[in-house]
Amino acid sequence: MGTWDTGHFDNDTAADFSGKIDDAPEAGREAVIRKALEGAVAPSDYLDSDEAVIAVASAALVASQCPGGEPVTTAYGPDKPLPVLATDLRPLAVKALDAVLGENSELRELWDDAGDKEWAPGITRLREVLVAAAG
């Protein structure tokens with residue numbers, strides 16, 4: 001995985017996912033995000049890092065439309081505007097982030113092994129925005 005920083009889109013997989021969102025027709029962009037979140041919460045013994053990365057990126061896009069959410073302004077995020085996303089994506093995004101931070105997550109293991117102190121708190125802040133908006 002080509003990763004250059006701890007941001008939600010600061011890796012090759014998330015940047016490629018942004019391109020996939022941009023390639024989808026406007027009416028289909030929400031479905032791309034939903035599918036990525038559902039993939040992270042699907043029953044599995046282990047969450048692959050690529051699935052986790054796109055779930056984090058998707059959660060960041062959902063959170064960007066929540067009160068207190070930060071806009072996605074990175075050049076590696078989608079270039080095209082998103083439609084207003086359904087509010088039922090908020091609790092789904094929380095579940096996806098829980099899976100990403102869980103014990104069976106390759107992405108969490110990679111960040112733990114790297115000794116990074118910024119990635120997990122960034123995911124936790126993103127989760128807090130989503131929890132508050134899903135309430």
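**Cavity, pocket and salt bridges**

Visitor: By class, which residues make up the lining of the largest cavity?
Guide: A cavity is a set of points, on a 1 Å grid over the protein atoms alone, where a 1.4 Å probe fits but cannot get out; lining residues have an atom within 4 Å of a point. Ala, Val, Leu, Ile, Met, Phe, Trp, Tyr, Cys and Pro count as nonpolar, Asp, Glu, Lys and Arg as charged, and the others, Gly among them, as polar. The lining splits into six nonpolar, five polar and one charged.

Visitor: What kind of model is this?
Guide: Residues are numbered from 1 along each chain as its sequence is written, and side-chain values use heavy atoms, leaving out hydrogens and water. Local features need pLDDT of at least 70, side-chain atom pairs count only at pLDDT 80 or more, totals for chains, interfaces and linings use all residues, and the model is predicted.

Visitor: Is Trp 119 buried or exposed?
Guide: Buried means under 20% relative accessible area, exposed over 50%, partly exposed in between (1.4 Å probe, protein chains only). The relative accessible area of Trp 119 is 5%, so Trp 119 is buried.

Visitor: Which element gives the largest share of the lining of the largest pocket?
Guide: A pocket is an open set of points with protein on both sides within 12 Å along at least five of seven lines. Here 21 residues line the largest one, with His 8, Ala 60, Glu 70, Gly 122 and Leu 126 nearest its centre. Helices are DSSP runs (H or I, at least four residues), numbered from the N terminus. Five lining residues come from α6.

Visitor: Which helices does the pair of Asp 98 and Arg 127 tie together?
Guide: Their side chains meet in a salt bridge at 2.5 Å, N to O. Asp 98 and Arg 127 are 29 residues apart in sequence, so the pair ties together α4 and α6.

Technical notes:
Helix = DSSP H or I, 4+ residues; strand = E, 2+ residues; numbered from the N terminus. Salt bridge = Lys/Arg side-chain N within 4 Å of Asp/Glu carboxyl O.
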